[in-house]
Amino acid sequence: MQMPTSKNLFVTLAAASMLATLGLTAHAAGPDWSLIISGPSIVIPPAPPPAQAAPVQNGFRPDNSYVERDRPDHDSYLQERYRDYYHERENYYSERERAFLTRERAFLEREKQRQLVVENNQRALTVINDRQEQQLDRIVEGVNANRISKDEFSGLMAQQKDIRNQERSFLVDGFLSRDEYQQLNVALDNAD
């Protein structure tokens, strides 16, 4: 076995003291997680210090859960908390009820408007269909009275067919707008 020289001994002692100092400061500040894995092996960090137990007085540990109950105004405090909670819940449900009633009123109003639109649409379609039926009746009467020739009859029926197709194309969405109604009226006026 070789005896360490003074130079090697000094370096070894300096390294050991430096590592000890680093170890103490690292333990005080907690483990340095960036240095956990070093070299070929995994370094396990030191265990955290044990938690301080509550001091024992007269053989019993103090129970901190009853601290609030020992206050003289604890009952009034609980009543206030309950009252506040009750009012919060009451406000919450009254707000929900108000919102529900508002939505219901809006829905009923929209339903009324929709019903008016449907009724107006039915009236407009009735007017258009009645005018077209009258025109068809006049065409048939003209043919029976020999006032309309075969070529005129073919042209008039083609015109009525175009009006019917135009009405069907307008009713694809289920409703007849004011502009569409006016266009059909103009077409029926031209057919008159």
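Where is Phe 153 found? I looked this up first, and Phe 153 turned out to sit in helix H3, where helices (H or I, at least four residues) and strands (E, at least two) are DSSP runs numbered from the N terminus.

**Ground rules.** I noted that this is a predicted model, in which local features need pLDDT of at least 70 and side-chain atom pairs count only at pLDDT 80 or more, while totals for chains, interfaces and linings use all residues. I also noted that residues are numbered from 1 along each chain as its sequence is written, and that side-chain values use heavy atoms, with hydrogens and water left out.

**Whole chain.** I found four helices and two strands in the protein chain, and from the N terminus on the elements run α-β-β-α-α-α. Of its 192 residues, 12% count as buried; buried stands for under 20% relative accessible area, exposed for over 50%, and partly exposed for what lies in between (1.4 Å probe, protein chains only). I then looked up contacts, which are heavy atoms within 4.5 Å, and among those between residues at least 6 apart in sequence, 54% join residues at least 24 apart.

Asn 146 belongs to the loop between helix H2 (74-144) and H3, and its phi is near 60°, a positive value in a residue other than glycine. I kept in mind that most residues other than glycine have a negative phi. With 70% relative accessibility, Asn 146 counts as exposed.

**Back to Phe 153.** Phe 153 has a relative accessible area of 31% and is therefore partly exposed. I listed its contacts, leaving aside neighbours within four places in sequence, as Ile 139, Val 143 and Ile 148. Between the C-alpha atoms of Phe 153 and Gly 142, which are eleven residues apart along the chain, the separation is 8.9 Å.

**Helix H3 as a whole.** H3 covers residues 150-170, and its 21 residues reach 30 Å from the first C-alpha to the last, close to the 30 Å expected at 1.5 Å a residue; the expected span is 1.5 Å times one less than the number of residues. Its buried residues are Gln 160, Ile 163, Glu 167 and Phe 170. They lie on the same side of H3 because they cover an arc of only 80° around the axis, the arc being that of the directions from the helix axis to the C-beta atoms. An α-helix has 3.6 residues a turn, so residues three or four places apart point the same way. On the face of H3 turned away from the buried side I found the exposed residues Lys 150, Asp 151, Lys 161, Asp 162 and Arg 168.

**Helix H4.** I read 14 residues for H4, which reaches 20 Å from its first C-alpha to its last, close to the 20 Å expected at 1.5 Å a residue. Glu 180, Leu 184, Asn 185, Ala 187, Leu 188 and Ala 191 are its buried residues. They are placed on the same side of H4 because their arc around the axis is only 160°. The face turned away from that buried side carries the exposed residues Arg 178, Asp 179 and Asn 190.

**How do the axes of H3 and H4 cross?** The axes of H3 and H4 (residues 178-191) come within 10 Å and cross at roughly 175°, where axes are lines fitted to C-alpha atoms, for helices over the stretch in contact, and angles run from 0 to 180 degrees between N-to-C directions. H3 is therefore roughly antiparallel to H4, a term for angles over 145 degrees. On the H3 side the contact is made by Gln 159, Gln 160, Ile 163, Gln 166, Glu 167 and Phe 170, and on the H4 side by Glu 180, Gln 183, Leu 184, Ala 187, Leu 188, Asn 190 and Ala 191.

Gln 166 counts as partly exposed at 25% relative accessibility, and beyond its neighbours within four places it is in contact with Gln 183, Leu 184 and Ala 187. Glu 167 is buried, with a relative accessible area of 4%, and its contacts, with neighbours within four places left aside, are Leu 125, Ile 128, Asn 129, Gln 132 and Leu 184. Gln 132, whose place is in helix H2, is buried at 1% relative accessible area. Not counting residues up to four places away, Gln 132 touches Gln 160, Ile 163, Arg 164, Glu 167 and Leu 188.

How values were computed:
Parallel < 35°, antiparallel > 145°, perpendicular 65-115°, else oblique.
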